[in-house]
Amino acid sequence: MRKKGKCALEVIMENVGMEVDGQVQSDPESEEDEEEEETIQRPCSREAIKSSGQEKNQQTKEVDESEEEDEIFRRKRLTRKTNRRVKNSEEELERLKEQVEEKKKLISTMRNKPWRMAKKLTVLREAQAFVEKFEGALGKGKGKKFYAYKVMMAKKWVKFKRDFDNFKTQCIPWEMKIKEVESHFGSSVASYFIFLRWMYGVNLVLFGLIFGLVIIPEVLMGMPYGSMPRKTVPRAEQATAMDFSVLWDFEGYIKYSALFYGYYNNQRTIGWLKYRLPMAYFMVGISVFGYSLVVVIRTMARNANESTGDGDDNDFIFSWKMFTSWDYLIGNPETADNKFASITTSFKESIVDEQESNKDENIHLRRFLRVLANVLIICCLCGSGYLIYFVVKRSQTFSKMQNIGWYERNEVEIVMSLLGMFCPPLFETIAALENYHPRIGLKWQLGRIFALFLGNLYTFLLALMDDVNEKLTEEDVIKNITHWTLLNYYNSSAVNNSTFSPPPIDPADVPRGPCWETTVGIEFVRLTVSDILVTYITILVGDFLRACFVRFMNYCWCWDLEAGFPSYAEFDISGNVLGLIFNQGMIWMGSFYAPGLVGINVLRLLTSMYFQCWAVMSSNVPHERVFKASKSNNFYMGLLLLILFLSLLPVAYTIMSLPPSFDCGPFSGKKKMSDVIQETIELDFPAFVAKIFSYVANPGLIIPAILLMVLAIYYLNAVAEAYQHANAELKKKMQVQREEEKNKRNNKATTNLATQDLEDFLTPSAKSGGQSQPTADTKSDSTNKNSPGAKEGSMAKNSNAACPGRGATMVPPPHVTITQPPRQSIKASSPGQARSGTSPQGLRPGTRKGQPCN
Amino acid sequence: MGGSASSVPPDLLGEYQELTFLTKQEILIAHKRFSELVPKEERDQILSARVPKDKVVTLPELRANPFQHRICRVFSTAEDGDDSLSFEDFLDMLSVFSDAATSEIKSHYAFRIFDFDDDGTLDRKDLENLVNCLTGDADGTRLSTSEMDQLIQNILEESDIDKDGTINLSEFQHVISRSPDFASSFKIVL
């Protein structure tokens, strides 16, 4: 048999040819040493020829005919044999192919096997050797070279993919830093840094877009600084334009730089590239939003896909607490202690009956307190909104005055930052009145902070809008003045050109409009910068100095500072994430009017990565309530999406409806900013495109399109709901099945001896029915066989305790059973059920197949 | 890599990549960390050296883990049962705890880690041990006996589908597979 096998293999190998691999060549040589195999070898080679093609076979026959007779006779016999062999070898080939595929599969899934490394290594080597040896053998006829090539390429591809993956993981920035944090604080704090890193990536792309397509072309190819009024510091400001205090307020040279909207020229094309800058500016402004939207939604979708487990499942509260609550990333003993404590409290909390906590007779007091808290918080929100409105209004009067101090100039930013700093703790204090469960409390807290920030931002925007409208009316006046001045100037110079020599007026002397776009941009930049400063100072004072104080004063203090009042600061994940999200909202809003803002933000994120990592590692302690990272991820992404949408609104409004300033920015001289598109289409595209565009832009087409989209959304929504419904149904079914299973088993434990015998009799058949399933079933069956005698007492105890709670309601809250300690007395009620339960014994293997655990 | 420590031969490195969920860097880092645990005189043949349990549990990644002894026991291939780890055992462990590992293999090993008496099922004794591990050693965090009983009772009610008083592997995996955050927390990163 062994020889035959080898022979068949040789056939295949010769078929393939020697170039496949070296091992093949060596094989026949070694066998030629043996005398016996000589005879078999020759037919083998015949076979090879035969199977490779009919023509060849005939050729060889012709050649052979010139040889001796007995030879011919032998050969004839052999050809008959080989014919049979070819068939055999084809089958063998198929089998071999299957085997190779199997081995390949094994190799690729080996890492999923819970084996020891040594075993895995030997198996892998065996499998690899096998594949190596026979893979080449599988090609047939003409395709063999191609097949070998394909195999080789596949190997190379795998190797390349592996190397590329290695490279990719190496390229991820701050991986080690985040892991370090992760090992100290668990996965939840690290999730903030991962979010920060993600944000950094998004901002980097935005920065690349704006920098590469707007700022660089303008700086390189646009008119240089000082050539036009909009690119020159006005005469009156020139003396102080380089002072630090002025620059710090983003006035002076910075105001007239490429960082802000006003600097850009409205020339249609610039440079030798004929780069259409206004068009590019507009498109980049739109694509910033477009890209952000796509990225956020894609990330959300991916997160939603990844979280396959349905978190709202109430079936396994205790088991999950038990089996999945430890965070194996924790490497810090302090964190571990906190984790121990939090796990213990969560155990105790879940053990304590909800009824007991609900027994609180002061339900009215609590309700009153909750209403009171909400009223207080709404008051706070309104107050902060009014304060901001008031301050922005005041700043407008300030801006008209001369000689104002630093505080007056920065009042808005200071007030907003202070509100952002003090309101959340205030809310937390008020929330203590409500006495919610921590998880619910956190949601409320987040919602309130969100409302605060949003309210503040929008009041700020409203106030800014007032300012813009004021500026717009002011602009009209100045526009006339400018025209008049220019006209006058040229007239006068034309009249007495003997006295005035310079024909062009100095750009610094031309009267300017207020350029509201730049003003808005400056407001946002200032807001961002002050936000950065406040954040960093809070970290420095609130975390670092506090930590220093606590650590070093602890030696000489009346009470234990570390455990007592000040203690160390916790890392406030939700607050930090919200801060980041709102900051991003400001960037989105401001980036249209201040292209440099994204650059500032990139710097901010970069520094805060290092700074916060350092602060966390040096001066924070892990959160008392350790939250899991995985669930809240999409919550934050949802907030981000909301903010993105809300920041899109004002920008879209200004672009579509406000007239741009007449003397600054890429859109000056147009009635609307969006006219750029119109202009480009009319001037740069053939006429029919403009026609098509005008048709497409027709309301008659747009309204049906929108309607169609709405209908599509409605339809998809309905489908999704149907799926959800089906899902819930299936879940219910599964639960019911599980209940049945349980009930059956419960009843079994309490049945009388006769049915037990019957059951013992039946179990073998059940076993054979469910044999294909792994250990679970065989084990359960064997225990069933053994249990009735020995375990009856305990089984009854278990099952009966479970029975009333589980059987009565569909989704039983597990605490129900706690109030009713396991009692044997319930046994009395069960015989009735027992008889009905035992009758469908034969069905058991079938029902078990539907069991969710397999 | 340090000069004194011999590095992993490239073909073996490739095989390790094939067999674990680790990338090349991670294997090299693991090698470096492992060679730091090996005494100096044995550095030449790291791949055959074994590190005793006392040393393994001093790794900062395992230091605070309440299951450190169980982890060593489960991943050790030592014949004499001293729970020492070879480099390959170490890689096995890191692979299971890595980011890329499937939740199936993670839950398989989690089961073995929680199975304190190595009898293939989680019985009341195992669960008790588990609770004690999770609540720590401090007096304030221990559960009382009645609480413990109640807790274990509840867990068995939820997870013990066949009602034999113990949780076996498939029951365990069923419970774990529904959990939203098991895979994200069952991780150890060097």
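Ile27(B) is buried, its relative accessible area being 0% (buried means under 20% relative accessible area, exposed over 50% and partly exposed in between, with a 1.4 Å probe and protein chains only). This residue belongs to helix α2 of chain B, residues 24-37, where helices (H or I, at least four residues) and strands (E, at least two) are DSSP runs numbered from the N terminus. Leaving aside residues up to four places away in sequence, Ile27(B) touches Leu13(B), Tyr16(B), Gln17(B), Thr20(B), Leu22(B), Phe87(B) and Leu91(B), contact meaning heavy atoms within 4.5 Å. Its C-alpha atom is separated by 10.0 Å from that of Leu190(B), which is 163 residues apart from it along the chain.

## Basis of the model

The model is predicted, so that local features need pLDDT of at least 70 and side-chain atom pairs count only at pLDDT 80 or more, whereas totals for chains, interfaces and linings use all residues. Residues are numbered from 1 along each chain as its sequence is written, chains are lettered from A and ligands numbered from 1 in the order in which they are written, and side-chain values use heavy atoms, with hydrogens and water left out.

## Nonpolar cores

The largest nonpolar core has 105 residues, and those with the most contacts inside it are Phe193(A), Phe460(A) and Phe524(A); such a core is a set of buried Ala, Val, Leu, Ile, Met, Phe, Trp, Tyr and Cys residues joined through side-chain atoms within 4.5 Å. Helix α9 of chain A (residues 187-221) gives the most to this core, with 14 residues. Apart from it lies another core, of 86 residues, which includes Leu96(A), Tyr328(A), Ile330(A) and Cys133(B).

## Helix α8 and the EF-hand spans of chain B

Helix α8 of chain B (residues 124-135) has 12 residues and reaches 16 Å from its first C-alpha to its last, close to the 16 Å expected at 1.5 Å a residue, the expected span being 1.5 Å times one less than the number of residues. Among the buried residues of α8(B) are Leu127(B), Leu130(B) and Cys133(B), and the helix is followed by Gly136(B), whose phi is positive, near 80°.

An unreviewed UniProt entry places the feature "domain: EF-hand" at residues 102-137 and 147-182 of chain B, although such annotations may be inferred rather than shown by experiment. Residues 102-137 of chain B are 67% helix and 6% strand, with end C-alpha atoms 32 Å apart, while residues 147-182 of chain B are 64% helix and 6% strand, with end C-alpha atoms 24 Å apart.
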